[in-house]
Amino acid sequence: MNGFPCKPESQVTSNDFFYIGLMNAASTANPEGFGVQLADVTAFPALNTQGLTVARIDLAPGGIIPLHVHPRGSEANFILKGKVYFGFTTTTDVLYAKVMKPGVLNIIPRGLVHFAANVGPGKAVIIAVLNSQLPGFANIPTNLFASTPTTPDYILAKNFRVDEKIIAIIKAKFALNASLATGTWKDI
C-alpha cells in the first residue's frame, strides 16, 4: 500500500521493535553545522504503517537547520541539550519564533517554512517526531540556488528584488559548499 512490505508475522521478533540508531551524534561537519540521525521506515522497519518518523538532530555552536518544509508531515521538536531558536512562518506571513531550552517542546504545522539555529555556547541536541513515515524534506536554499537544472538567475533576481549578479554570487557559494560538505543530506 505504501511501498514498504510488512514482515510476515511468523518472522517478527522482539528486536524488530527496538532501534539504537539515535544513540550516537550525527556529524555536523558541513556548511550549516547540523546533522541528522534518522529513524524512519527505511532505517527502522517497525515504523512501517505507524505514521511516524523520529530524528536526532545535532547542531554545532552557531549551526542552523536551513529554511525547509515537510510537505507530508507536522513536526514536534523536543530540546534535549542547548539553546535553540526555532521559528516558522504561517501562510499569512506571520513568524512564530522562540528560543527553546532543554525540556521545551514545539510544534511545526505541516507544510510551513521553518528553521532552527543553535544560539547557545555549546552543542544542541533535538529530538524531532513527525507524523508521517516519509514526511519529506524540501531544503529551500538548496532548491532555489543549487537545483539541477538551475533556476534561471533572472527569475530568482525578480523574486528576491536584487540584481542577477547577486544571484550568481549566491549560486557560486552553493556550488562551493556542495563540494566542501563532508556529510550528506538525507531526505527526512
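1. In which strand does Ile 64 lie? The model is a predicted one, and in it Ile 64 lies in strand E3, which covers residues 64-69. With a relative accessible area of 34%, Ile 64 is partly exposed, because a residue is called buried under 20% and exposed over 50%.

2. Leaving aside residues up to four places away in sequence, Ile 64 touches Glu 32, Phe 34, Leu 59, Ala 116 and Ala 117. Val 84 stands 20 residues from Ile 64 in sequence, and the C-alpha atoms of the two are 9.1 Å apart in space.

3. Taking the chain as a whole, I find 3 helices and 10 strands, and along the sequence the pattern reads β-β-β-β-β-β-β-β-β-β-α-α-α. The C-alpha atoms fill a box of roughly 65 × 40 × 35 Å along the principal axes, and 35% of the 188 residues count as buried.

4. Val 12, Phe 17 and Phe 18 make a nonpolar patch of about 330 Å². Of these residues, Val 12 is placed in the segment before strand E1 (34-39) and is partly exposed, with a relative accessible area of 35%. As for charge, the chain carries 15 positive and 11 negative side chains, and the centres of the two sets lie 7 Å apart.

5. Some backbone angles deserve a careful look, since most residues other than glycine have a negative phi. Thr 49, which is not a glycine, has a positive phi of about 70°; Thr 49 is found in the loop between E1 and strand E2 (53-59) and counts as exposed, at 53% relative accessibility. Asp 93 also has a positive phi, near 65°, and Asp 93 lies in the loop between strand E5 (84-89) and strand E6 (95-100), where its relative accessibility of 69% makes it count as exposed.

6. The last point concerns a peptide bond, and most peptide bonds are trans. The bond from Thr 148 to Pro 149, however, is cis, with omega near -5°. Pro 149 lies in the loop between helix H1 (140-145) and helix H2 (153-160).

Methods: Residues numbered from 1 in each chain as written. Predicted model: local features only at pLDDT ≥ 70, side-chain atom pairs only at ≥ 80, totals over all residues. Heavy atoms only, no water. Helix = DSSP H or I, 4+ residues; strand = E, 2+ residues; numbered from the N terminus. Buried < 20%, exposed > 50% of the residue type's maximum accessible area, 1.4 Å probe, protein only. Lys, Arg positive; Asp, Glu negative; His and termini not counted. Charge placed at Lys NZ, Arg CZ, Asp CG, Glu CD. Patch = residues over 30% accessible without salt bridge, like charges linked within 9 Å, V, L, I, M, F, W, Y side chains within 5 Å. Areas by Shrake-Rupley, 256 points an atom, 1.4 Å probe, with all protein chains shown as cover. Salt bridge = Lys/Arg side-chain N within 4 Å of Asp/Glu carboxyl O. Contact = heavy atoms within 4.5 Å.
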